[in-house]
Amino acid sequence: MSHDTRVLNPQLRSKIMSAEEAAALIQSGMNVGMSGFTGAGYPKVVPAALAKHIMDSNLNGKKFKIGVWTGASTAPELDGALAMVDGVEMRLPYQSDPTCRKRINAGEMEYIDIHLSHVSQFVWGGFLGKLDVAVVEVAGITEDGKLIPSSSVGNNKTWLDQADKIILEVNSWQSMDLEGMHDIYYGTALPPNRKPIPIVRTEDRIGQPYFNVDPNKIIAIVETHKPDRNSAFTPPDANSKLIAGHILDFLQHEVKMGRLPANLLPLQSGVGNVANAVMAGLKDGPFENLTAYTEVLQDGMLELLKCGKMTCASATSFSLSPEALADLTANLKDFKDKIILRPQEISNHPEVIRRLGVIAMNGLIEADIYGNVNSTHIMGTSIMNGIGGSGDFARNAFISMFMTPSSAKGGTISCIVPMVSHVDHTEHDVQVIVTEQGLADLRGLAPKARAKTVIEKCAHPNFKPALQEYYERALRYSPGRHTPHLLDEAYTFMPNWVANKAAREAWRDDALVQADAWKK
């Protein structure tokens with residue numbers, strides 16, 4: 001134990017040990033709830049030590065696998081390390097690690113892709129089985145035994161409450177200026193005991209800045225000094241800027257029409273080029289006193305907070321580039337009254353999203369002419385990352401937008417298709433589709449009008465004639481005329497799709513690039 005330990009509770013100091021000793025307390029067959037939401041706030045050393053333990057066990061002929069539950073995606077030190085040694089039997093609820101993805105799609109790892117707002121109630125209800133161990137990173141432990149959350153909250157409250165045993169990583173790299181930024185709400189319950197969640201404005205605080213924990217459940221504490229790992233974002237390209245321009249024009253039009261207030265409504269956005277391009281446009285645009293009610297706080301939102309255009313941002317995690325993270329860490333005190341980090345059961349709660357009237361902006365892999373969106377699968381069978389929180393927001397938002405370039409792989413593949421190969425967001429939850437070609441406002445349109453609008457506004461010129469021709473023939477030959485389709489052709493829009501391995505791989509590779517850009 002170092003002289004400047006952040007474990008201030010005398011009772012808990014006796015439980016400080018090495019990562020290897022802590023990892024040895026996890027047994028094969030256990031379900032383990034890990035902290036982490038994107039590359040923020042995940043345990044840095046226990047998963048790596050556990051991966052080595054699993055590898056040694058496998059080399060000795062003893063198969064060792066665990067269930068891994070998190071907030072969302074994590075980092076190579078966690079997901080990558082455990083997947084590399086084939087140590088994960090079941091993964092949920094969201095991942096973005098390439099080794100995980102490969103094992104899932106090879107059938108070597110089971111994966112449950114569920115809405116992020118559903119995870120905690122699934123655990124409380126026992127639908128996922130028993131949670132044996134929680135491995136949670138914190139910034140410190142107070143003298144009275146409360147836990148100071150680190151750079152993400154995610155499902156940590158649920159893990160700490162529901163796990164039989166707890167392993168803590170106390171990470172001194174995390175700034176102590178985080179203390180007071182969190183809002184941990186303990187008022188949720190299962191039916192029939194639920195009560196309204198009393199958030200009526202983005203800036204409302206309804207909980208406390210600490211996690212409560214039963215000290216008797218803590219079996220190990222590991223002291224670390226390791227940074228979060230997030231990737232730098234590629235600067236917005238021409239298509240991203242065009243998409244952002246269409247969205248900004250649309251928002252100004254909605255204000256003019258009286259459907260949005262002058263300062264808009266709380267914003268939710270995915271992470272990546274398009275999202276940052278939208279935020280950059282907002283920084284230079286006419287809107288003042290913006291707010292955000294979202295999952296992750298990204299570079300563009302941080303810039304809006306810095307310049308004063310945004311007054312408050314509520315999230316469950318940071319997802320910042322290394323440069324933005326360094327900036328935030330150096331000036332964290334300045335953001336104390338502007339940033340709130342909540343459990344994801346609150347940041348993604350449908351009740352709150354609907355009450356606040358959130359404007360949701362998320363990415364997609366493909367959209368079809370009737371407005372159905374696929375945001376998770378390649379060719380209908382291979383998972384990319386997962387649905388994350390996009391469904392939580394899309395169904396409950398005041399305005400639900402999905403964004404994508406109109407084509408992929410150098411313009412050889414259309415992202416607008418007759419029928420998506422996998423449906424994550426039905427036409428009933430998708431109100432606006434945006435590409436660099438234009439914006440399709442689908443609100444109030446019946447299916448045939450939606451198809452005409454999507455093709456006209458969003459399709460790339462190289463693919464528009466084929467899509468139009470498909471739709472016109474569907475109007476003539478479809479058995480039903482409400483949502484006309486030619487089911488024997490709907491999935492063969494891309495040339496020689498089934499037979500052309502190169503086309504399939506090109507689409508998959510480009511989707512991987514987009515998924516990395518839209519990571520959460």
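User: What makes E17-E16-E23 an open sheet, and which pairing does it have?

Analyst: This is a predicted model, in which local features need pLDDT of at least 70, side-chain atom pairs count only at pLDDT 80 or more, and totals for chains, interfaces and linings use all residues. Residues are numbered from 1 along each chain as its sequence is written, and side-chain values use heavy atoms, without hydrogens and water. The open sheet has three strands in the order E17-E16-E23, with mixed pairing. Strands E17 (373–374) and E23 (416–417) each have a single partner strand, so one side of each is left without a neighbour in the sheet.

User: How do you know that E16 and E17 are paired, and in which direction do they run?

Analyst: Two strands pair if DSSP finds at least two bridges between them. Two bridges join E16 (residues 366–368) to E17, and the strands run antiparallel. Glu 366, for instance, has Asn 374 in E17 as its bridge partner.

User: Why does the radius of gyration agree with a compact globule?

Analyst: The radius is taken over C-alpha atoms, and the globule rule is 2.2 Å times the number of residues to the power 0.38. For 520 residues a compact globule would have a value near 24 Å; the protein chain has 23 Å, which therefore agrees.

User: What share of the residues is called buried?

Analyst: Buried means under 20% relative accessible area (1.4 Å probe, protein chains only). By this cut-off, 59% of the 520 residues in the protein chain are buried.

User: What share of the contacts joins residues 24 or more positions apart?

Analyst: A contact means heavy atoms within 4.5 Å. Of the contacts with a separation of 6 or more, 74% are between residues 24 or more positions apart.

Conventions. Buried means under 20% relative accessible area, exposed over 50%, partly exposed in between (1.4 Å probe, protein chains only). Helices (H or I, at least four residues) and strands (E, at least two) are DSSP runs, numbered from the N terminus.
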